[in-house]
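Dear colleague,

I am handing over the structure we spoke about, and it is shown directly below. My notes on what was found in it follow after that.

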Amino acid sequence: MKHIVVRSERCTGCRLCQLTCSAQNFRLNTHKAARIGIVPRFPEGYFEVHLCNQCGVCLPVCPVEAISVDANGAYVIDESTCIDCGACVDACPQQAIFRSPASPHPYMCNLCGACLANCAAQVLIWEEDR
Amino acid sequence: MINGYGGSILRVDLTTRSVKREPVTPELAHDWLGGRAWIAKYMYDELPAGVDPLSAANKVFLATGPLSGTLWPCSAKIVWGTKSPLTGGYIDSNMGGLIMAELKHAGLDMIIVEGASATPVYLWIDDEKVEIRDASGYWGKGSVDTEYALKHDLGEDFQIATIGTAGENLVKFACITHDVGRQAGRGGTAAVLGSKKLKAIAVRGSTPIPVANIEGLQKHTTSVIDYMKNKAYFPTFSKYGTTDVTDWCDSVGVIPVNNFQHAQYAKKDRINGKYMREQIYVRDKGCYACPLGCSTYTYSKKYDVYVEGPEYETIGLMGSNLGMDSIEEIAVLNADVDNLGMDSISSGSAVAFAMELYQRGILTKEDFGGLEMTWGNVDGARAFLRLIASRRGIGATFAEGALAAARIIGRDTEKFVVQVKGLDYSAYDTHAAPAMMLAYMTSDIGAQHTRAWAIVQDITMGRGTTEGKGQVVYDLQHLRPLMEVLGVCRFPWLEIKVDWEDYVTALNLVTGQHYTTEGLFAFSEKVWNLTRAFWTREVDGFGRAWDQPPAKMYEEMPDGPTKGAHVTQEMVDELLDGYYHAYRWDQNGLPTVQRLREIGLGYVADDLVKRGRITD
C-alpha cells in the first residue's frame, strides 16, 4: 500500500489540489469541498497543508464505530452509521477531517490520488508504505 | 443558473447606502462574456459623458470572467475598471489572488460601486448577505495592514481587497491590493474608491461555480498541466517568474535606467532574479488554480521587511530606473508602495522624474523639503513616496501623476516624463523597439505592456523597421485582452506556450457553449473599438495626437546595446498608419461609423455622431 507525503514547504497556496479533489470526489467546481486543507500564514509566508496521514487517532474516538480502513489503507466514515457528532473532527491531530455543504457527514482523504496529478509544485507525492 | 457564472451583479450605492442584486442574463453572458468586456460595456452605457473621475457620479466596476475561479489553470483574474483619474480615459486593471473565486462562490460575477459615502465604509459580503459597514477603524491604515486587520476581525476565510492611504488621499496612481501582494495597479482606481470612502471589500461565499462538464474540465486541466510540467521553461519560470526577464532586457537594451536615459544597467547582477533568489527568497506563491506559482514572496533582512515580489516591472521602474544598488532596496521600496497602496510602475516613474529634475538642477533640495533626490538614494525615494501618499509638501504635486506634475512645474519638463495618455511606461525602453512603442502608444489604457508585449517581434523582425509592426500589435491586441475577458492569466500561453485553443476548449467545457477562436477574436475587436469609443467620447480632441510616444524616444540613446537609436516622426507616422489601417479606423485614429456598425456597435456610432465626436 502507499500513502501521500506532504512537503508543505513547497506549497504555493494555489488550491489546485483542493479544486481537483472537489471535482474528483463531488463533481463540484470549488476548493471548499476538498478533503485537503490549506491555511496561509502571512506575513511569515508559508502554507499549512492539512491532509490525513492515516495516523488512526480518529478511529477509537468515534462513539458509533463509523470509521474503518479500506483496502487501500484510507480511513473512511460510513455515512449510514455516522451521527455527525464531530468527535473525529475535533480529535484529528492533522486537522484533516472536513465538513462542507457537499456532504452531510465529515470526510477525510480517500487516497484517490487525483490531486497529485495537478500539484505542479510537487507538494503531494506518493510514497510506498513505511 | 448559467454555467460559468455566479449568476448576479451586485449594485452598491454608497450615497443611499443601498445594495441590490441584478441577474446576469443569458444574453449578457453570451454576448459580452465578462471581465473587461462587461466593464467596457457598462462604463460606456452607464457613466455620464464627461464625468469627473473623482466625483460621486463615477463608478467602479469589479468583474470576473466565465473562467475565473474554475479548475482551469491560472483562472485567477478579476478586473477593476473606472474612468481613470490619472488619464481621464478608460482604465481597467486586473489582479490575481483568490478573491475572484470567493466572489463567484457568493453568487456574484460583478460589483458596481456607485455614489459616495460621507464616512469611511467597507463592503461586507457573506453569501447572500451584504452590508455597508463602518470602516473608521481601518481608515488611515496601509493596504496590507488593512487586509491583515480585516482577516483578523472577520476570519481567514474572507477574501479582501483594500486601498491604502494613497487611495484615501486621492493619489492618482493609487492601486488596489489583495492577498498580501496582488495588485490592480494601474490608472488610479483606488483613488476613485478613496473618493467614495470605500476602504475595502470583504467577501466569503459557499456555493460552487456551476460548470457544464466538470469531468471534461478536470480531464482537460490535468492534461494541460501535464503538458506544462514537461516544457523545458516550466521550472525556470516557476522559480524566477517575471524576474527571469531582467537579464534579457539588459542584454537587448530595453531595461530602463535613470528615467529611461540609458538602457543597460551596470548593477544588473544585483537586481536580477538569480540574486533575488539568493538574497531574499522566502517562498514561491501562486494565485488561484495556478500550477506556475510565478510570484516570489521575499524578506529583506537589511530592511526587515516582507514583500510579495519584486516583479520585473518593479525591478525596472523602482530599481534600475532609480539607480538603486540592489534587490534589497527594490524590495523595501516595493513594500512601501504596496502598503501605501500605489502602483509601483507609476510610483517608479514619478520618483524617476523627480530624480531627473534634481539631476538637471530644475528642482533642488529645498524644493524637495530637504531631500537629496540623487540616483540610488533609497532613503530619499522612501521619504518622497510618503510625501506623495500623504500629499504633503511637493508630494501633493507628484500625487497628480508625473505628467500632471510636469504641467504644474512647467519649465518644459513634460519632455522628461515617459508616458502615453498620462499613463507611465512599463519597464521596457523603446528607443529601438518600434512595435513595443506602438503597443504603448495604442494600448487602450495608456502606456501599459500587457495589451501587446511586442519586443520579441521587434527583435525577430528588425529593431529599426516599422514594416508589419502595425499588424503585429493589432494581432496581439486581439488575443491578449481576451484573457481579461475570460478571467485567466496569460502566462501559461505566453511563457509555457499553452495553445490558445486549449483556453477555448476550457471555456466551452465550463459554459457548455460553442465559442470559436474566430468568433472570440471578432468579439475582441468589438471590445477594443468600444474602449476606443469611450476615449473618443470622454476626451476633447482625442485622436492621433493622443497616440504619440514620449519625447525622450526621439533623442539618441547615448550608450549600451541600442547606442545611437532613436525614433523619428516618420517612423511614428508609419506605425500609426499601419495600425489604423488594420483596425479600419480613419487617419485620425477614430473608429468610423461604418466600422462600428459592422461590428455590432451601431448604438455607439449613433451616440458619437450625436455628440459630434465622429461624422457619419
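**Contacts and packing**

In the contact between the two chains, 30 residues come from chain B and 25 residues from chain A, where two residues are in contact if their C-beta atoms, placed from the backbone, lie within 7 Å. Please bear in mind that this is a predicted model, in which local features need pLDDT of at least 70 and side-chain atom pairs count only at pLDDT 80 or more, while totals for chains, interfaces and linings use all residues. Residues are numbered from 1 along each chain as its sequence is written, and chains are lettered from A and ligands numbered from 1 in the order in which they are written.

On the side of chain B that touches chain A, helix 3, helix 7 (214-229) and strand 13 (281-285) of chain B each supply at least two residues; helices (H or I, at least four residues) and strands (E, at least two) are DSSP runs, numbered from the N terminus. Helix 7 of chain B gives the largest share of that side, seven residues.

Chain B itself is divided into domain 1 (8-204), domain 2 (232-417) and domain 3 (424-496 + 516-610), with bounds that come from an automatic or database domain assignment. The C-alpha centres of domain 1 of chain B and domain 2 of chain B lie 26 Å apart, and their contact takes 35 residues from domain 1 of chain B and 27 residues from domain 2 of chain B.

Strand 14 (residues 295-300) of chain B is joined to strand 15 of chain B by four bridges, and B:Tyr299 has B:Tyr306 in strand 15 of chain B as its bridge partner.

Finally, helix 17 (residues 434-442) of chain B packs with helix 23 (residues 569-583) of chain B at an angle of about 65 degrees, their axes being 11 Å apart; axes are lines fitted to C-alpha atoms, for helices over the stretch in contact, and angles run from 0 to 180 degrees between N-to-C directions. That makes helix 17 of chain B roughly perpendicular to helix 23 of chain B (angles under 35 degrees count as roughly parallel, over 145 as roughly antiparallel, 65 to 115 as roughly perpendicular and the rest as oblique).

With best wishes

Notes:
Two strands pair if DSSP finds at least two bridges between them.
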